[in-house]
Amino acid sequence: MDTSFERNKTGKDEWLTPPELIRALGKFDLDPCSPVKRPWDTATKHFTLLDNGLTKPWTGRVWCNPPYGNETNLWLDKCVAHGNCIALTFARTETKMFFEQVWSKADAVLFLKGRIRFYHSNGTQGDSAGAPSVLIAYGIKNAEILEKSKLNGKFIWVKKWDKLTLL
Ligand SMILES: C[S@@+](CC[C@H](N)C(=O)[O-])C[C@H]1O[C@@H](n2cnc3c(N)ncnc32)[C@H](O)[C@@H]1O
């Protein structure tokens, strides 16, 4: 199993989401972190490293599978601020980042069954990822889309769980 991160000449991570997974979640207006040379569209509009999608204004429904490492926190922070987004990250549920950006701010999560086989930017598929993945919904409509999706995994409302624990 290849669990290493792939780096392109810009030094950034290039592990692409299987297109059928994104299709299962409906149409997205923007992918703010997509490869400079993408093998397929993931949204109507794309920002790449050349634009620096973190510094651009985000509009509409956003798909965000962000760069790995410490940077992920910044991208999820922007997802929280935007409020209309589905993000995909590794399910490192115990981390500070997960507690700050997911457990306390997301509307819902869907833990995917099995491991994703991400794609290389040339369109070929890699081996299984080195960790499980989770889809994170920001915004109630995105949470409902996750809940109704046919993706194989475990869906959990995060905000409603918070409300229940207050009762
Ligand atoms: C994990 S890949 C996901 C690609 C794509 N969003 C998908 O779901 O298939 C992260 C992508 O973010 C891009 N990236 C890294 N830093 C970026 C930045 N500052 N602005 C925009 N894109 C960036 C990388 O080149 C890479 O293509």
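Me: What makes Lys 96 exposed?
Reply: In this predicted model, Lys 96 has a relative accessible area of 62%. Exposed means over 50%, so Lys 96 is exposed.

Me: Why is the pairing of Lys 96 and Glu 100 called a salt bridge?
Reply: The N to O distance between their side chains is 2.9 Å. The cut-off is within 4 Å, and the pair therefore counts as a salt bridge. Both residues belong to helix α3, where being 4 residues apart separates them by about one helical turn.

Me: What makes Glu 100 partly exposed?
Reply: Its relative accessible area is 31%. Buried requires under 20% and exposed over 50%, so Glu 100 falls in between.

Me: How do you know that Asp 107 forms a salt bridge with Lys 159?
Reply: The closest N and O atoms are 3.7 Å apart, which is within 4 Å. Asp 107 lies in the loop between α3 and β5, and Lys 159 in helix α5, so the pair ties together parts that are 52 residues apart in sequence.

Me: Why is Asp 107 called buried?
Reply: Asp 107 has a relative accessible area of 11%. Because buried means under 20%, Asp 107 is buried. Lys 159, at 34%, counts as partly exposed.

Me: Why is Leu 135 called buried?
Reply: Leu 135, in strand β6, has a relative accessible area of 0%. This value is under 20%, so Leu 135 is buried. Leu 135 touches residues including Trp 63, Ile 86 and Leu 146.

Notes:
Residues numbered from 1 in each chain as written. Predicted model: local features only at pLDDT ≥ 70, side-chain atom pairs only at ≥ 80, totals over all residues. Heavy atoms only, no water. Helix = DSSP H or I, 4+ residues; strand = E, 2+ residues; numbered from the N terminus. Buried < 20%, exposed > 50% of the residue type's maximum accessible area, 1.4 Å probe, protein only. Contact = heavy atoms within 4.5 Å. Lists of a residue's contacts leave out its neighbours within four places in sequence.
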